[in-house]
Amino acid sequence: MVGLFWITEDSVYLGAEPAGTASGVRLTEEGVETLGAGREAFWSWPEVERIDVRDVPVRSAPRRLVSMALGTLYSAVTGDGEHPPAWTVRVETADGAAEVEVHAAVAGGTYTPAEYVLSRTVLGRLASGGTTVGDLVAWRLDRPTGDSPPRGAREALLRTWAGPQDMS
């Protein structure tokens, strides 16, 4: 898990990799695919004009830790485990747009502001061809354990994939 991306050996998911009939969005070298019962669609990268995300739960690192601790305590006391928060992915093409709900895959269900902003930049570069899914997958193939790196390393990876930033 790096930013909003769940990276496997052959593709990248936005949010958690969906199971069963759950909805999701998969990015491959060929294009963008929406998943889930009745939501299946595919667009090649030249067809994709933009990928946007909405309603992503974002909190500063300290607030995220407090939220995770309180959530764990609540689950332990009540036995009521919550599903991770959902957010929306919007795929825009010349023919229109499709929106799909995905679930957060990050521990605690919230992302840091830096990971969110950098992930959106990476999505823009994927849609424009400045970054490829292969760039993200290559990183995963070099990690035999599949573990998520620490926050600083995740942000550094996202900066690499986001490319040079205009600081003006």
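Predicted model: local features only at pLDDT ≥ 70, side-chain atom pairs only at ≥ 80, totals over all residues.
A: Before we start, a term: a residue counts as buried when its relative accessible area is under 20%, and as exposed when that area is over 50%.

Q: Which residues is Leu118 in contact with, leaving aside its neighbours within four places in sequence?
A: Leu118 is in contact with Glu155, Leu158, Arg159 and Ala162. For a view of sequence against space, take Leu118 and Ala156, which are 38 residues apart in sequence while their C-alpha atoms are 9.6 Å apart.

Q: Which strands does helix α2 lie across?
A: Helix α2, residues 113-128, lies across β1, β2 (12-14) and β3 (24-27), and runs at about 65° to β1.

Q: How should I read the sheet, and in what order do its strands stand?
A: In general, the strands of a sheet pair through backbone hydrogen bonds, and may do so in parallel or antiparallel fashion. Here 5 strands form an open sheet in the order β1-β2-β3-β4-β5, with antiparallel pairing. Because β1 (5-7) and β5 (41-44) each have a single partner strand, they stand at the edges, and one side of each is left without a neighbour in the sheet. On average, and with direction ignored, neighbouring strands of this sheet are turned by 20° against each other.

Q: How many bridges join β4 to β5?
A: Strand β4, residues 31-35, is joined to β5 by 4 bridges, the two strands running antiparallel; Gly31, for instance, has Ser44 in β5 as its bridge partner.

Q: How is an aromatic pair described, and how many are counted here?
A: A pair of aromatic rings is described by the distance of the centres and the angle of the planes. The count in this model comes to 2 aromatic pairs. One of them is formed by Trp87 and Tyr111, an edge-to-face pair with 6.1 Å centre to centre and 90° between the planes. Since Trp87 lies in strand β7 (residues 86-93) and Tyr111 in the loop between β8 (96-103) and α2, the pair ties together parts that are 24 residues apart in sequence. Both Trp87 and Tyr111 are buried.

Q: What is the geometry of the rings of Trp139 and Trp161?
A: Their centres are 6.2 Å apart and their planes stand at 75°, so the pair of Trp139 and Trp161 is edge-to-face. Trp139 lies in helix α3 (residues 133-141) and Trp161 in helix α4 (residues 151-162), so this pair ties together parts that are 22 residues apart in sequence. Trp139 is buried, with a relative accessible area of 14%, and Trp161, at 5% relative accessibility, also counts as buried.

How values were computed
Residues numbered from 1 in each chain as written. Heavy atoms only, no water. Pairing = 2+ DSSP bridges. Axes fitted to C-alpha atoms, helices over the stretch in contact; angles between N-to-C directions. Contact = heavy atoms within 4.5 Å. Phe/Tyr/Trp six-rings, centres within 6.5 Å; stacked < 30°, edge-to-face > 60°. Buried < 20%, exposed > 50% of the residue type's maximum accessible area, 1.4 Å probe, protein only.
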